[in-house]
Amino acid sequence: MKQQVLVLYLNNSALDSEVLAWAFYDGTGKTEPTTGDSDLPPYDTGTEALRDGWRLFQASQLIPPYPGHEYDTSYMKHEFFFEKLE
Amino acid sequence: MTTTAPLLSSVEVARFVATGFHRMDAVIPDDLNEEAIGVFDAGIPVAYYGQPVPKVYEEGSFVRRLIETPAVAGALHSLIGPDPTVDHHALHVREPREGAAQALHADAIIDTRPDAFDVQLMYYPHEVTGTMGGTLSVPGSHLRRTNESDTGRYQNLRGQSRLTCPAGTVVLLHHGIWHGGRRNDSDTRRYMFKIRFNPTVPQVRLWDTSDLDDPRIAHELGRHFPWCEHATGRLEVYNRIKLWRAMTGDASFDIDLWATRVANRPGRVA
């Protein structure tokens, strides 16, 4: 069995919130996704991916900002990893 | 480098503060674009300078004529100021059918300056079509504190810009913007020449400030980008307000009280 990995970045910490960014890694070798290859997300929300058979295996923790850095912005906050096995 | 070239307006600079770029389509004349290909094919090695423009590029040289094109010179002056130093330059070539895109990144290293920024000039001497792998960039990402290609996991973001442009287009970028060269799926070689400039003066009111009270400034600075989380988007506006305050010298500037209310501590001095 080979793994396909879908990473979705959502609008907030809820799995049913809107997809803002995404990445796809294909262990089957059938596709070669890369940076900047699509303007349209594969799903509108995280739960839509679940309904299509993707299995969630990791989600971002909610981590309080470091004192003194409450207004800093950095990486995408709400990252969800999904897999399919083929 | 002094100039009498047309300066940007306050609204245009506010748009740069919000988006992280200023784009000028077909701003370089055709004869210079045609000359560029020969110059680039002869080779331009990556070089680091830290020297003023006249010491790096001879008067009348191709690059001097490129950056002295009035619209380019005016926009550069508006953002980086007079007499910048050349940090480095590099020629980026994406070969036909090249296998992979660059990882999404910001150049150099994480940069925490709150009141200064470098400007990167990107010049495209020929038309860039959708399949030629024009530069991917993420409008509004430049104030995020991330280090170089640690963002490489992000393949696509809503509202990203996959550059297509006519020949002679120049884009000026804030140093922090997330970007990368896309995979070239065409049969045509793609060129992009980049120069990074460092400021040598405080970047305060360097543009045409006659429209500094234009209400469109707040509209530009308050923009929300489709890739940005709703909550973090509010912090982005806050950080743009701080940068606009630094660039205008107006410590009272605000939009919808975002910066004012969180600094309001009546009766407290420390």
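Residues are numbered from 1 along each chain as its sequence is written, and chains are lettered from A in the order in which they are written. Because the model is predicted, local features need pLDDT of at least 70 and side-chain atom pairs count only at pLDDT 80 or more, while totals for chains, interfaces and linings use all residues.

User: In what order do the six strands of the open sheet in chain B lie?
Analyst: Strands here are DSSP runs of E with at least two residues, numbered from the N terminus, and two strands pair if DSSP finds at least two bridges between them. The pairing in this sheet is antiparallel, and its edge strands, β1 and β2 (47-52) of chain B, each pair on one side only. The order is β1-β8-β4-β10-β3-β2.

User: How many residues of strand β8 of chain B are buried?
Analyst: A residue counts as buried if 20 or more other C-beta atoms, placed from the backbone, lie within 10 Å of its own. B:Thr169, B:Val171 and B:Leu173 point one way from the strand and B:Val170, B:Leu172 and B:His174 the other way, all of them buried. Strand β8 (residues 169-174) is therefore largely enclosed by the rest of the structure, the number of buried residues being six of the six.

User: Which residue of β8(B) is the bridge partner of B:Leu121?
Analyst: Strand β4 (residues 119-124) of chain B runs antiparallel to β8(B), and six bridges join them. Within β8(B), the partner of B:Leu121 is B:Leu172.

User: Which residue in β10(B) is the bridge partner of B:Val119?
Analyst: Five bridges join β4(B) to strand β10 (residues 190-198) of chain B, in the antiparallel sense. B:Val119 also has contacts, meaning C-beta atoms within 7 Å, with residues including B:Leu76, B:Ile80 and B:Phe197, once neighbours within four places in sequence are left aside. The bridge partner is B:Phe197.

User: How many residues does the largest nonpolar core have?
Analyst: A nonpolar core is a set of buried Ala, Val, Leu, Ile, Met, Phe, Trp, Tyr and Cys residues joined through C-beta atoms within 7 Å. Those with the most contacts inside this core are A:Leu8, B:Leu76, B:Val119, B:Tyr123 and B:Leu172, and its residues number 72.

User: Which residue of β6(B) does A:Trp22 stand opposite?
Analyst: In the interface, 24 residues of chain A are in contact with 31 residues of chain B, and strand β2 (residues 19-26) gives the most to the chain A side, with five residues. This strand pairs with β6 (residues 156-157) of chain B in the antiparallel sense over two bridges. The residue opposite A:Trp22 is B:Asn156.

Technical notes
Buried ≥ 20, exposed ≤ 12 C-beta atoms within 10 Å, placed from the backbone. Contact = placed C-beta atoms within 7 Å. Helix = DSSP H or I, 4+ residues; strand = E, 2+ residues; numbered from the N terminus.
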